[in-house]
Structures are given as C-alpha cells and as structure tokens.
Amino acid sequence: MQHIYFDEKKKVLKLLDQRYLPSREDWFECAGTEDIVYALQQMVIRGAPAIGVTAAYGCVLAALESGGTSTWEATLEKNLELIEHARPTAANLAWAVRGMQDAWRSKSIFSSEELADFWLQEALSLHQEDIRINKMIGAHGRELLDSGDTVMTHCNAGALATGGYGTALGVVRAAVEQGKEIRVIANETRPFLQGARLTAYELAGDNIPVRVACDNACGLLMQKGLVQKVVVGADRIAANGDTANKIGTYPLAVMAQRHGILFYVAAPFSTFDAKTPSGWYIPIEQRDPGEVKYMAGQMIMPRDVDVYNYAFDVTPQELISGIITEKGVFAPGELA
Ligand code: MRU
C-alpha cells in the first residue's frame with residue numbers, strides 16, 4: 001500500500017487522507033510547509049514512523065519554497081522548526097528533520113534548489129529504509145507468535161502508520177506470511193478510532209482475520225481467554241524502556257499482566273529516545289476537546305462540560321515483555 005507518494009513532476013507530496021478511511025480514499029496534496037504541518041496536526045497522516053517519513057519529504061518542500069532570496073537559509077530554518085514541532089510525542093519527527101539537516105551539513109550545497117534535489121533522494125531512501133526496517137521487525141517478531149494465537153493490538157501500527165508494512169501489524173503480517181494462523185483483535189481506539197477505521201481496513205484488505213472491540217472490552221476478552229498476545233507500536237521509547245503509545249495502551253498492559261498475557265512493543269530504533277531518561281519526561285500531546293465531545297459530527301455530551309484529551313499514555317517498562325526492533329527483541333532495560 002503506497003500511501004505516501006512524492007510527485008516529482010508537480011513537486012507535491014500526496015498523502016492518503018486517513019481522516020476519511022475507510023469510507024473514502026481521498027488524497028491530500030502538500031505543496032509546502034504549511035500543508036505539511038496541517039497534515040501532521042490534523043492527522044491526515046499519523047503514526048510515528050509515517051510522521052517521520054512525511055517530515056523528511058516536508059524538508060524537501062520547505063527547501064523548495066524557501067528559495068529565491070539571499071536569506072533562504074534563515075527562511076528554511078524557520079520552516080524546519082515548524083515541521084519539527086508539529087506534534088510533540090512521536091520521536092521520529094525530530095529524528096527525521098534532524099537527520100536531514102545532518103545529511104546536509106556533510107555536503108557542500110549552496111542553493112535551495114540543489115538542497116531540495118539532495119533531500120529528495122535522502123527522503124526517498126529514508127522511506128524505503130523504513131519499509132525494510134519494518135520487515136526486519138516483522139521477521140524478529142513473528143518468532144514470538146504461535147499459530148492459532150489471537151493478537152490484540154491498539155491504535156494503528158500498520159502500513160498506514162509507517163512508510164509501509166507496519167511495526168505491530170508487520171509482526172502479524174510476517175507471521176501470516178510464514179504460514180501461521182493468526183487472528184487479530186483491533187481495539188477501536190477512541191477518540192480518533194485508528195483501530196476500528198485503519199487497522200481493521202488494512203487487515204481486512206490483506207484477508208487477515210480481524211475483529212474490532214471497544215477499548216473497554218479488553219478485560220473481558222482477556223478473562224475469557226480470547227487473547228494470547230498483545231503487540232502494539234510506540235511513539236517514543238525512553239532510555240529505561242518506558243514507552244509512550246496511543247492513549248489506552250497502559251491500561252491494556254496492566255490488564256495483560258493481570259492475565260499473564262505477554263505484552264510486546266514493536267518499534268524501530270528511530271522511535272527510541274536515549275536522551276529522555278524515563279517515561280515521566282516524555283511530552284504527552286493534548287488534542288482538541290472536540291475530538292472527544294463529538295462523534296460522527298454529533299455532540300455526545302453537554303456542550304460546556306470539559307474533557308481530557310491526552311493522545312498518548314506511558315506504559316512503564318516493567319509491564320513490557322519485550323521490545324521488537326529491527327535489531328532483534330530486547331528487554332526494555334537493554335535498549336539503552
Ligand atoms: O495519534 P497517532 O495516530 O499518530 O498515534 C499513533 C500511535 O500511537 C501508534 O501506535 C504509534 O505511532 C506507532 S505507529 C507504527
């Protein structure tokens with residue numbers, strides 16, 4: 001599934017608009033920094049590795065639009081800042097923007113046009129590398145699944161959340177490709193419904209058996225013995241292994257421990273943030289209250305009542321059975 005595509009002729013980035021899936025397959029075009037920031041903040045595209053890939057292409061657009069004056073480098077710096085800070089929690093965002101800047105510093109490039117050309121090649125290879133890494137995560141992770149397992153997952157850590165293939169769903173895909181019989185329970189993931197809308201859409205498209213459950217059904221489903229493993233993605237992994245992922249992941253981990261179910265995180269090293277000592281220091285995004293107050297355009301609670309809309313929570317490392325990366329499976333404390 002090619003859901004991120006740079007049109008070299010038109011010099012625009014095309015993104016499959018995840019706000020409307022699965023009802024409509026619309027494409028959103030980004031022509032410059034403002035569009036990239038909008039796409040990231042409004043979740044046209046989301047998921048930590050996909051955010052990183054988009055940001056890398058965003059650097060190309062930022063270079064193209066900052067050209068033509070003697071102060072293009074200052075304009076570019078400002079645009080890169082805007083991209084880097086579009087969302088606070090996913091480590092891959094700053095990792096990608098800084099990676100592009102570091103690559104530039106190692107070259108003698110003196111014009112914005114030249115830089116845009118160079119960065120386009122960098123972005124294309126970062127994108128391909130992300131897919132390759134996901135397949136390696138899948139190859140390591142599939143050894144942890146047994147044929148007949150039902151895997152519960154939260155949010156969407158699939159092809160749509162990455163350059164392609166997926167992290168948590170990459171593990172499922174790789175196990176299925178190996179001939180294992182795997183079923184998935186996709187938690188619906190209030191309020192943006194990434195599980196119901198995106199995970200179910202992706203897996204059904206691949207003919208992998210999937211059922212959607214309300215987030216608050218996880219205790220019952222585990223109690224009934226309907227879940228053998230939990231595999232989720234990550235937005236930022238701190239040095240001690242504490243892991244930020246979509247809101248609702250932490251209670252899932254607590255519930256998994258209560259029921260003796262293995263709880264795995266699947267993520268590339270680009271999500272690992274060695275400079276953040278523990279989960280306590282991970283910035284947690286708070287989003288528009290309207291996402292909670294409305295459902296399908298309908299107000300579902302009294303207008304003046306406040307809500308909490310934290311987009312992520314942190315699962316303490318002691319609840320994580322293993323972190324599946326492109327370099328193998330690690331105990332959370334081993335990553336650093
Ligand atoms: O707010 P989102 O949809 O960007 O949150 C996404 C998640 O929490 C994913 O699980 C995480 O980014 C891993 S994606 C491979």
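Predicted model: local features only at pLDDT ≥ 70, side-chain atom pairs only at ≥ 80, totals over all residues.
Contact is taken here to mean heavy atoms within 4.5 Å.

Pro-191 is placed in the loop that runs between strand E5 (183-187) and helix H7 (194-205). With residues up to four places away in sequence not counted, Pro-191 touches Glu-291, Val-292 and Asn-309. A further relation across the chain involves Gly-290: its C-alpha atom and that of Pro-191 are separated by 9.7 Å, although the two residues are 99 residues apart along the chain. The relative accessibility of Pro-191 is 22%, so this residue counts as partly exposed.

Arg-287 also belongs to a loop, in this case the one between strand E11 (272-273) and helix H10 (290-293). Its relative accessibility is 13%, and Arg-287 therefore counts as buried, the cut-off for that class being under 20%. The side chain of Arg-287 makes a polar contact of 2.9 Å with the side chain of Glu-291. Glu-291 is also among the residues touched by Pro-191. When neighbours within four places in sequence are left aside, the contacts of Arg-287 are Gln-41, Gln-42, Met-43, Arg-87, Asn-309 and Ala-311. Of these, Asn-309 is in contact with Pro-191 as well.

The pairing of E11 with strand E8 (residues 236-238) is in the parallel sense and extends over two bridges. Ile-237 has Phe-272 of E11 as its bridge partner.

Elsewhere in the model, helix H3 (residues 72-84) packs against helix H4 (residues 91-105), with axes that come within 9 Å and cross at roughly 155°. Since angles over 145 degrees count as roughly antiparallel, H3 is roughly antiparallel to H4. On the H3 side, the contact is made by Trp-72, Glu-73, Leu-76, Glu-77, Leu-80, Ile-83 and Glu-84. H4 contributes Leu-93, Ala-94, Val-97, Arg-98, Gln-101 and Trp-104. By class, the residues of this contact comprise eight nonpolar, one polar and four charged.

Methods:
Residues numbered from 1 in each chain as written. Heavy atoms only, no water. Helix = DSSP H or I, 4+ residues; strand = E, 2+ residues; numbered from the N terminus. Buried < 20%, exposed > 50% of the residue type's maximum accessible area, 1.4 Å probe, protein only. Polar contact = N/O pair within 3.5 Å; in protein donor to acceptor, adjacent residues only side chain to side chain. Pairing = 2+ DSSP bridges. Axes fitted to C-alpha atoms, helices over the stretch in contact; angles between N-to-C directions. Parallel < 35°, antiparallel > 145°, perpendicular 65-115°, else oblique. Nonpolar A, V, L, I, M, F, W, Y, C, P; charged D, E, K, R; others polar.
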